[in-house]
Every structure is written in C-alpha cells, then in structure tokens.
Amino acid sequence: MEPTAAPAACEIARLPDDLLSAALGRTGPLDACRAAAVSPAFRAAADADAVWSSFLPPDLPPLADGELPADATATKKQLFMRLSDPARPVLLADGLTSMWLDRATVAKCYMLSARKLTIIWGDTPQYWHWIPLTDSRFSECAELQHVCWLEIRGKIPCDMLSRNTTYAAYMVFKMSDESYGLDYPLQEAEVSIGATRSTRQVCLGYVDDDEDGEEVPQNYRSFGAVGNVFRPRVGRRNRRQPPGVHVLHPQTRAGGWMEMEMGEFRNEEGEDGEVSVSLMETRGGNWKRGLTVQGIEIRVKK
C-alpha cells in the first residue's frame, strides 16, 4: 500500500539547519542525543555548537587549571560531555570542591570534600587522621580514630546551585572492619535552606545481619579504664530500633564507598543565603571509630 503521508521526522528534517538546531536547543541533552540517531540531517543539527551551547549554564563557577579540554577545536558537545561526566567531575578553583552537570536536567551538582567541611576535632590527630585518596578527585579524606562527639557540617551558597531544582544531600563514606560506635546511638542528619529545615534519624554503621528481622548494631564496644587509658571492650549488644522511629540506612556506591541520604531541599528562583548540611551524634557519649569521610555530595533528587 502506498504511504499517504511522509513520516513526521522527514518533514522536520526538511527544516533549515539553523531552525532545526534552534528547536533542538529548546529541548535537552537527552533529546538532542536521541535526535542525532534519527538521520544524518538530524545528526548534523543535533551536534551543532548552537544546540550544546544552550545546555551549558552561563554561571559556571571558576574551575581549576587543566580541568577543561585544551584543544581549541573541541566542540560544545564535547565540552558538555566533559562537564557532565559524574565519574570524573571537574575540580573548582579551590581544589576542595568538585562539580558536574546532571545530563537529564543540566543542573549543577557538587561534592564538598572532607577538607571543605567543618569536622569537630578534625585537626586533632588523636581524634582524626587525614589520609591520601587514590579513587577520588580529592587528595585526602578524614579518617576517624576515636571521638565521643561526632559533628560534621557543610554548607554551599544557594547561588552556586541551579534554580528551581530539587536536590538531595549525601554523606559519602567508608566503614572499616574495626569500626564501632556508629550503629548506636543513631545519628541525626539535618538539611536547612532559609527558614526550611528537615531532620532525620540515620545509622551509618547499620548491617542487616539479624535473622529474625530485628536490627542489631554492627559492633558495640563499651569502654573501660585500664590504668589511666580507656580501652574498648569488644562485644555485641542487641539494641533494637526504637518503635515508631524511621531510620535511614546507607546505600552502596562504586569503589567500596557508601552514601547516606541526609535530606532534600528545593532551591527556588533567586534563593538567597546558603544550604547547610550536618551529621551529628553528641548525646550518647559512647566512643566511635572507623569512619572514613570523603565528603558531602549535593545532586539532583531523582
């Protein structure tokens, strides 16, 4: 049977290249990539610098030297792909913050390194060590030795974030085999922006290994005095989750890292001030060890 009408794609493909590129520039990166697969005519228009320039935020923060391609012939699409690679985020000029663009929404996402955070007792070697990192854009991370007061805070100006975007904040960390004190008492995570504040109960040291479904701490260690030095007494103690309390647990990431969602927030149009994120456990008085902090990640909430 003879077709009665040409496919819509063929009709659109007859548009002048500049009009087709302008139309694609009002869509998004994912739509532009899909259009490039339709036909050679679409591919030429979809790969045009005019299209990918429209996806690049005009207010990118200053980047560290060497983060962008030095090749003067690099296309805007190549630039966008470099900036939107979550496996290799670009470093900002301070060397303590990394950034990438979310490929679906073009929103700016960040990670604040451990050195960018405020960690109580973080500069006291008795309590925290700074160790080199080989699987991150940052050169070092914070390793918890012994503290009974766990307090980690981070903040980022609202104007660094994309407007009208819902974000979530995550603590990115590892737990050593010798960790203790991070399963109970529970930690409190808080995210605030302007007058909006949210808190939740989290458990960094959660391990789901109780056969009857009850939650059991990973390694509870009480401390007793031996001479004038406090030494951990290794043991296990069942402390079930308090009834009626919703507790969030960490999720795995690549490279052996974990992440804990600390809360979400909405960065509205023209929001002033800053976003503050914190993780605390200061009431229990028990000692903690074995937490390695890479940083706090702020990315688009999916």
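**Entry 1: the largest pocket**

I began with the largest pocket and found that strand 2 (97-101), strand 3 (108-113) and strand 17 (289-300) each supply at least two residues of its lining. I worked on a predicted model, in which local features need pLDDT of at least 70 and side-chain atom pairs count only at pLDDT 80 or more, while totals for chains, interfaces and linings use all residues. Residues are numbered from 1 along each chain as its sequence is written, and side-chain values use heavy atoms, with hydrogens and water left out.

I took helices (H or I, at least four residues) and strands (E, at least two) as DSSP runs numbered from the N terminus. On a 1 Å grid over the protein atoms alone, I took a pocket as an open set of points where a 1.4 Å probe fits, with protein on both sides within 12 Å along at least five of seven lines; lining residues have an atom within 4 Å of a point.

I noted a volume of about 540 Å³ for the largest pocket (the space filled by probe spheres set on the points, which are joined across faces, edges and corners). Of its 24 lining residues, Pro86, Ala87, Pro89, Arg253 and Glu297 are the closest to the centre. Strand 17 gives the most to this lining, with four residues. By class I recorded 11 nonpolar, four polar and nine charged residues (Ala, Val, Leu, Ile, Met, Phe, Trp, Tyr, Cys and Pro count as nonpolar, Asp, Glu, Lys and Arg as charged, and the others, Gly among them, as polar).

**Entry 2: salt bridges**

I searched the whole structure and found 19 salt bridges (a side-chain nitrogen of Lys or Arg within 4 Å of a carboxyl oxygen of Asp or Glu). Glu297 and Arg253 form one of them, at 3.1 Å from N to O. The pair links distant parts of the chain, with Glu297 in strand 17 and Arg253 in the loop between strand 14 (251-252) and strand 15 (258-267), 44 residues apart. I then checked accessibility (buried is under 20% relative accessible area, exposed over 50%, partly exposed in between, with a 1.4 Å probe and protein chains only). Glu297 counts as buried because its relative accessibility is 6%, whereas Arg253, at 27%, counts as partly exposed.

I next looked up Lys301 and Glu264, whose side chains meet in a salt bridge at 3.8 Å, N to O. Lys301 lies in the segment after strand 17 and Glu264 in strand 15, so the pair ties together parts 37 residues apart in sequence. I found Lys301 and Glu264 linked with Arg200 and Glu261 in a network of salt bridges.

**Entry 3: strands 9 and 10**

I traced Arg200 to strand 10, where it is the bridge partner of Ala189. Strand 9 (residues 187-193) and strand 10 (residues 196-202) pair in the antiparallel sense over seven bridges (two strands pair if DSSP finds at least two bridges between them). I placed both in an open sheet of six strands, in the order 4-7-16-9-10-13, with mixed pairing. Strand 4 (118-119) and strand 13 (247-248) stand at the edges with a single partner strand each, so one side of each is left without a neighbour in the sheet.

**Entry 4: the second largest pocket**

I noted a volume of about 190 Å³ for the second largest pocket. Its lining includes Gln187, Glu188, Gln201 and Glu281. Strand 9 and strand 16 (274-281) are the elements that give two or more residues to this lining. I also found Glu281 in a salt bridge with Lys288, at 2.8 Å from N to O, and both residues are buried.
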